[in-house]
Structures are given as structure tokens and as C-alpha cells.
Amino acid sequence: MTPTVFHYQAAEGNLDGRKAFVKEALQLALEKTQDEYGPFVMQEAGNYLNKARLLRELQQGHFDNMFVRASVTDEMLTDFAVVAFPLARGMDGYRVAFIRAEGTELQRFCQLDKAALQQLSIVQGIGWLDSKILLANGFKVQQVNQYENMFNMLRASRADLFFRAVNEIDIERQNAVHDYGMLQVEPCLALYYPLPRFFVTDKNNAQNAQRVYLGLVRAYEDGSFIRLWNRYFEPSINRLQQRRIIRLDNPFIKTLDPQYQRYNINLQPSPLAPINK
């Protein structure tokens with residue numbers, strides 16, 4: 001039987017180590033469904049395309065059987081076949097920031113509330129839902145095309161903060177601090193907004209989307225997905241301890257079926273520092 005070729009998103013730049021978990025999760029889902037759907041092979045695609053362009057080309061059918069992890073919106077539910085399984089189990093919604101700082105400057109953000117943060121400049125990617133959410137919540141956002149340019153903006157003091165998912169920032173910090181110098185992880189604050197990230201694919205690729213969903217659910221139920229998730233995400237829970245959590249709205253998922261939340265981790269409030277509205 002000829003293997004089915006599944007494409008997955010390539011890195012957006014030399015610093016981009018965010019795709020390792022996504023690749024492993026897709027592979028795990030496909031392994032769990034080989035008996036019904038047959039063998040598979042995985043190939044990288046979309047090299048160095050930013051998320052906005054990649055999703056445009058995916059929607060237009062330029063990629064064959066490609067699965068991209070994306071922050072979903074109500075609009076995307078009609079534009080793509082969506083695999084409604086939250087890969088990060090809710091952790092992507094917790095955001096911590098890179099800053100340009102040395103020594104005591106690391107503490108300069110610690111006493112800021114939401115109103116003060118709204119006066120600072122935040123750099124984010126063009127086409128990222130994070131950019132739209134921050135703008136909708138009254139923040140000043142500079143949207144940048146290239147991933148590595150966001151780090152350059154901080155180094156050049158052209159932006160104050162670059163918010164990242166709490167589960168991604170450790171991977172990025174190892175490279176960014178080495179390559180860019182003076183960039184540190186801000187130690188006191190975290191933003192939170194609901195940010196379900198699912199696999200999405202071409203709208204006409206519903207059968208393969210169903211395969212991936214079935215595989216993820218099976219992996220969740222037999223514990224193999226949780227073991228994979230723990231390897232990548234468990235340290236992130238510790239990073240949230242003692243941070244002030246500033247909660248924001250996500251106005252772009254009003255019609256999204258909340259059933260996906262049953263797979264989210266239930267973070268107990270006790271380890272978290274006080275919430276700052």
C-alpha cells in the first residue's frame with residue numbers, strides 16, 4: 001500500500017525551534033491510525049513562510065495534504081478543515097515577554113498594571129492572532145513580517161516587549177540571548193487570553209483531518225499524548241508561579257464550540273500569583 005504523504009510546517013527562521021512538538025504530535029496521531037488509514041510519510045513544507053502567507057496559500061490549495069498549527073478564529077472554521085483538539089492544552093494562552101534589559105532593568109516592568117503596559121510598544125508578527133487580540137484589548141502593537149526581525153526590534157530599542165507563549169520562550173531564549181545579547185525574559189508578568197491552537201488543513205481535506213483528530217484523541221486516552229505534552233510543557237507551569245496574570249479577552253472565538261476545552265489542562269489557581277485585571 002502506498003504511504004500517504006503528510007506535509008507539516010517548516011521553521012520560519014534559524015531561531016525558530018517551535019515546530020518540534022507540533023511535528024511529534026502529528027506523527028503520534030498518524031501512528032495511532034495506521035490500522036484504518038494505512039501507512040504514512042511526513043515531509044516538511046512552506047520553508048521560511050510567515051504564518052499569514054502560509055495560511056493564505058493553504059486556503060488556496062497550494063499545498064497537498066498539509067497540516068499547520070494555527071490559532072483558530074470563528075472565521076477560520078469556514079475557511080479550513082479544523083482539527084478541534086487543543087495541542088497545547090490551553091498553555092498557549094499564557095504569554096510572557098522578551099525584553100531588552102540588563103541588571104536592575106529586569107525589574108522595571110514588575111510593578112506595571114494593564115494600563116501602564118498599554119502605553120508601551122509590543123512587537124508581534126503580521127498575521128498572528130496575538131497581534132489582533134492585543135490590539136482589541138487596547139495595546140500598542142508593531143506588526144513585523146519576519147520572525148527574527150522581532151528580536152532585532154528589541155535589541156535596537158524600537159519595541160519594549162515581545163510576548164511569546166510560555167511554552168515556547170525557553171526554546172527561543174537559548175538562541176535569542178546567545179545571538180542578540182541583552183535580551184532577557186521579563187520575570188514578573190504574564191498575559192492570559194483563551195488561544196486554542198488546532199491543526200488546520202485545506203477545506204477539501206476533511207478525511208485526513210478526521211484521521212488526525214481520531215489519532216490525537218486516541219493518544220490522549222492511552223496517555224501517550226500526555227507523556228509527549230509533559231516533555232514539552234511541564235516546565236512552563238513552573239514559569240507561571242509567582243507571576244501576576246493579566247487576563248484579556250479573545251473576541252475572535254465567539255462561535256467556536258467549547259467542547260475542545262475538555263482536553264485542556266486544569267491549572268489550579270493556588271500556584272499562580274494574584275490576578276491583575
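This is a predicted model: local features need pLDDT of at least 70, side-chain atom pairs count only at pLDDT 80 or more; totals for chains, interfaces and linings use all residues.
Local features need pLDDT of at least 70 and side-chain atom pairs count only at pLDDT 80 or more, while totals for chains, interfaces and linings use all residues. Residues are numbered from 1 along each chain as its sequence is written, and side-chain values use heavy atoms, with hydrogens and water left out.

Trp229 lies in helix α10 (residues 224-240). Helices (H or I, at least four residues) and strands (E, at least two) are DSSP runs, numbered from the N terminus. Trp229 counts as buried because its relative accessibility is 1%. Buried means under 20% relative accessible area, exposed over 50%, and partly exposed in between (1.4 Å probe, protein chains only). Contact means heavy atoms within 4.5 Å. Beyond its neighbours within four places in sequence, Trp229 contacts Phe21, Leu87, Ala88, Arg89, Met91, Glu234, Ile237 and Ile265. Leu87 is 142 residues away along the chain, yet the two C-alpha atoms are separated by 8.3 Å.

Trp128 sits in the loop between β6 (121-125) and α6 (129-136). Trp128 is also buried, at 8% relative accessible area. Its C-alpha atom is 9.9 Å from that of Val144, 16 residues apart along the chain.

A nonpolar core is a set of buried Ala, Val, Leu, Ile, Met, Phe, Trp, Tyr and Cys residues joined through side-chain atoms within 4.5 Å. The largest has 51 residues. Phe21, Phe199, Val212, Leu216 and Phe225 touch the most other members. Helix α1 (residues 19-31) gives the most to this core, with 7 residues. A second, separate core has 22 residues, including Ile133, Val141, Leu161 and Tyr193.
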